[in-house]
Amino acid sequence: MTYRERTRAIDAAARHWDGPYRPYDLIKEATIAVTIVGLIAVTLAILFSSPDEAPTTIRSWSRQNPVDFVSTAMGELDGTSTTAEYGPPYDHGPKAQHLAFIHLQSWLGIAHPINTAQDYVLGPLAALPGQPALRSALATYRRAGSARQLAWDHAYERALTKVADSATAIRAVHGPNLGPVPTLMDSLLSFAQGGGLDGALLANRQFYSTDYTKILMLLADGGALASRARAEHLLGNQWGMMNETGSFPGQGWLWLYTMWYQIKPFSTSPNADIMVMAVMFVLSLGFVLVPFLPGVRDLPRLVPVYRLIWREHYRSTRP
Amino acid sequence: MFAAIINLNGHAGYVHWGFIDLSVPNLIVIVAMFVVFLIALVAPFPGHRRRGRS
């Protein structure tokens, strides 16, 4: 008898049960389990509480690292920031991920449009009341051609690399080749340091503002969020997906997702996200199809852990 | 607002093994999961002895 015939005979024999039956109270079992887990959860909450980190806001970031904030704002203005080049769902940036012919990110389209120059710099500044100097600078910048704008932007960015990390040093950056950019950036920095930019980016048509996308994307383009994440081991290349802030345990069950980001080719690929998604899709498909995979479906027979769990039953049926 | 009895807001320790970088709190939870799994395997079912063999 071949192995396949033998296992088929075992399967056929298992379809009919001649042994004894015993009552099983599922409701009682579930009640006991939920009660015990609930008590454990409440006890752990009393003992350890939950993570309580102070939030990073644009206000706190622009006060602590004004040069980083203004440099990031310049990236938004000249279209070189990560968000500006991200692609869908935010913009038409060139860095949309793909895997061979699968351009999933582009196919899903721009669902949450962000025009970085308008949304992060020009729009919030235009909404500020009064300030004739700012209004004039905005008009000058908008009137100029894109080549002229880029020349001002790059000259200001070069000047910014030479100043100390303070608002006073930034406000001292001026020059004939910088056009209206210093006035724009000085106003934006003051607005951000006062907390106004946080509110301006959160404002929407709904009564309750819960869409933090624009704020988070701006913070992510800068260095403040990344440096906090690095300190807490939360970056993608630090197995961050399964970590939590402080000494709290994190999402250990995400170990397989985050593991791929630590090894090549995923760790060095600009298309890492879609590659990891594809690998996990194939593995998940394999998991769903376990009953149909020869060898894998025979593991319970080959490694009979069930006999250890139901050892009393198998002991009683032994001849 | 109540403070936690045991404060876990300090920085965690990390275990490095090759490319693996695992936080000590995660390691404790993973070990605890294995321990619970092993106990579930070897602990007798409650009430079995009372009911006797059927």
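Modeller: Some ground rules: residues are numbered from 1 along each chain as its sequence is written, and chains are lettered from A, with ligands numbered from 1, in the order in which they are written. The model is predicted, so local features need pLDDT of at least 70 and side-chain atom pairs count only at pLDDT 80 or more, while totals for chains, interfaces and linings use all residues.

Biologist: How many helices and strands does chain A have, and what counts as one?

Modeller: Chain A has 18 helices and 0 strands. Both are DSSP runs numbered from the N terminus: helices are H or I with at least four residues, strands are E with at least two.

Biologist: How does the radius of gyration of chain A sit against a compact globule of 319 residues?

Modeller: The globule would come out near 20 Å, but chain A has 30 Å. The radius is taken over C-alpha atoms, and the globule rule is 2.2 Å times the number of residues to the power 0.38. Those C-alpha atoms fill a box of roughly 100 × 50 × 35 Å along the principal axes.

Biologist: Which residues of helix 4 and helix 10 of chain A meet?

Modeller: A:P66, A:F69, A:V70 and A:A73 in helix 4 meet A:M185, A:L188, A:L189 and A:A192 in helix 10. Contact is set by C-beta atoms, placed from the backbone, lying within 7 Å. By class, the residues divide into 8 nonpolar, no polar and no charged. Nonpolar covers Ala, Val, Leu, Ile, Met, Phe, Trp, Tyr, Cys and Pro; Asp, Glu, Lys and Arg are charged; the others, Gly among them, are polar.

Biologist: And what makes helix 6 and helix 10 of chain A roughly perpendicular?

Modeller: Helix 6 (residues 116-126) of chain A packs on helix 10 of chain A at about 85 degrees, with axes 10 Å apart. The pair is therefore roughly perpendicular. Here A:V121, A:P124 and A:L125 meet A:L184, A:S187, A:L188 and A:F191, a contact with 6 nonpolar, 1 polar and no charged residues.

Biologist: Over to chain B. Is B:Y14 partly exposed or buried, and how do you know?

Modeller: B:Y14 has 17 other C-beta atoms within 10 Å, so this residue is partly exposed. Buried takes 20 or more, exposed 12 or fewer, and partly exposed lies in between. B:Y14 is found in strand 1 (residues 14-17) of chain B, and its contacts beyond four places in sequence include A:H233 and B:D21.

Biologist: What share of each chain is buried?

Modeller: In chain A, buried residues make up 22% of the 319 residues; in chain B, 7% of the 54.

Biologist: How many residues does each chain bring to the contact?

Modeller: Chain A brings 24 and chain B 20. Helix 2 of chain A gives the most to its side, with 3 residues.

Technical notes. Two residues are in contact if their C-beta atoms, placed from the backbone, lie within 7 Å. Axes are lines fitted to C-alpha atoms, for helices over the stretch in contact, and angles run from 0 to 180 degrees between N-to-C directions. Angles under 35 degrees count as roughly parallel, over 145 as roughly antiparallel, 65 to 115 as roughly perpendicular and the rest as oblique.
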